[in-house]
Amino acid sequence: MTERVHPGDSPPTSGEHSVPKPATSSPEKPAPQPGTYVIQIPKDQVYRVPPPENARRYAHLSKRKPRRSTCRSCCCCLLTTILALLLAAAIAAAVIYFVFKPESPNYSIESVAIKGFNLTSPSPLSPEFDVTVRAHNPNDKIGIYYEKGSSVKVYYDDINLCNGALPAFFQPTNNVTLFKTALKGSGIELNNAVLRTLSDQQNKGAVPFSLKLRAPVKIKVGSIKTWKITVKVTCKITVDKLTAASKVVSNDCDYGVDLW
């Protein structure tokens, strides 16, 4: 039986030398794809700031943090200032209260003269009320300036009968002032039921009305005058008849203020 002879590697030609392949213990790394490069940089040469082409973006982002901190500091300063002012105002109010001991003024209706009521005619009425108001300032160190722009209104069963205003004046300390105001109305239409009710109440000697007074005032404390505050007085009054000689049977006044 004949044996197969496998041809061996052809010997190198003249001028060629065989280079032995180095022996490696680990498998070879895959070669990079064509057109790509792998660059290894030492850690000490890695930039900790952005490259020049990204410097603008970094500068824009880095400027935001100071703005936030500045806004926060401004808000804190503003809040602190407001709290300090409120505290100072509260302390000042407490000092004024304990030093001057302010008391509320007292109001009442002294007299009412009525004209223009004809309860037997269906024609519109033009009522007139001449009202005398008593204002008492019981404070020892506080005066009251009554400013222009006040209003006085008289109602009967929620029907506005006439309007007027108070005179402007200054009321000193520990003072009682009587001031008269003329209130007028026109074209007031009352139905038959209201006219009958008024006639019955007049016959009984008790006709009820309500008077609403609103007056802007300034308080004088020593040499200091406050801002304008609004005095609100609501009086429930009862008269015996609807004539110029009417008398006040009863009156009850409530007092309040609007500080702003």
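Visitor: Is Asn174 buried, partly exposed or exposed, and what is its relative accessible area?

Guide: This is a predicted model. In it, Asn174 has a relative accessible area of 47% and is therefore partly exposed, since that class ends where values pass over 50%. Asn174 sits in the loop that runs between β6 (169-171) and β7 (175-184). Its backbone deserves attention: Asn174 is not a glycine, yet its phi is positive, at about 45°. In general, most residues other than glycine have a negative phi.

With a relative accessible area of 59%, Asp157 counts as exposed, because the value is over 50%.

The protein chain contains three helices and 11 strands. In sequence order, the pattern is α-α-β-β-β-β-β-β-β-α-β-β-β-β. Of the 260 residues in the protein chain, 26% are buried. The chain exposes about 19500 Å², and 56% of that area is supplied by carbon and sulfur atoms. Among contacts in the chain with a separation of 6 or more, 65% involve residues 24 or more positions apart.

Cys235 is joined to Cys253, with an S to S distance of 2.0 Å. In general, a disulfide is a covalent bond between the sulfur atoms of two cysteines. Cys235 belongs to strand β10 (residues 229-239) and Cys253 to strand β11, so the pair ties together parts that lie 18 residues apart in sequence. The torsion about the S-S bond of Cys235 and Cys253 is about 110°, so this disulfide is right-handed. Cys235 has 1% relative accessibility and is buried, because the value is under 20%. Cys253, at 19%, is likewise buried by that cut-off. Cys76, by contrast, is in no disulfide; the nearest cysteine sulfur belongs to Cys77 and is 6.9 Å away. Cys76 is partly exposed, with a relative accessible area of 49%, whereas Cys162 is buried at 0% relative accessibility.

A second kind of link involves charge. In general, side chains of opposite charge can pair when their charged atoms come close. The structure holds one salt bridge. Its partners are Lys232 and Asp258, whose closest N and O atoms are 3.4 Å apart. This pair links distant parts of the chain, since Lys232 is in strand β10 and Asp258 is in strand β11, 26 residues apart. Lys232 is partly exposed, with a relative accessible area of 29%. Asp258 is also partly exposed, at 32%.

Apart from neighbours within four places in sequence, Leu259 is in contact with Trp227, Lys228 and Ile229. Leu259 and Lys228 are separated by 31 residues in sequence, but their C-alpha atoms are 7.7 Å apart in space. Leu259 itself is partly exposed, with a relative accessible area of 45%.

Notes
Residues are numbered from 1 along each chain as its sequence is written. This is a predicted model: local features need pLDDT of at least 70, side-chain atom pairs count only at pLDDT 80 or more; totals for chains, interfaces and linings use all residues. Side-chain values use heavy atoms; hydrogens and water are left out. Buried means under 20% relative accessible area, exposed over 50%, partly exposed in between (1.4 Å probe, protein chains only). Contact means heavy atoms within 4.5 Å. Helices (H or I, at least four residues) and strands (E, at least two) are DSSP runs, numbered from the N terminus. Accessible areas come from the Shrake-Rupley method with a 1.4 Å probe; for residues, only the protein chains shown count as cover. A disulfide is a pair of cysteine sulfur atoms within 2.5 Å. A salt bridge is a side-chain nitrogen of Lys or Arg within 4 Å of a carboxyl oxygen of Asp or Glu.
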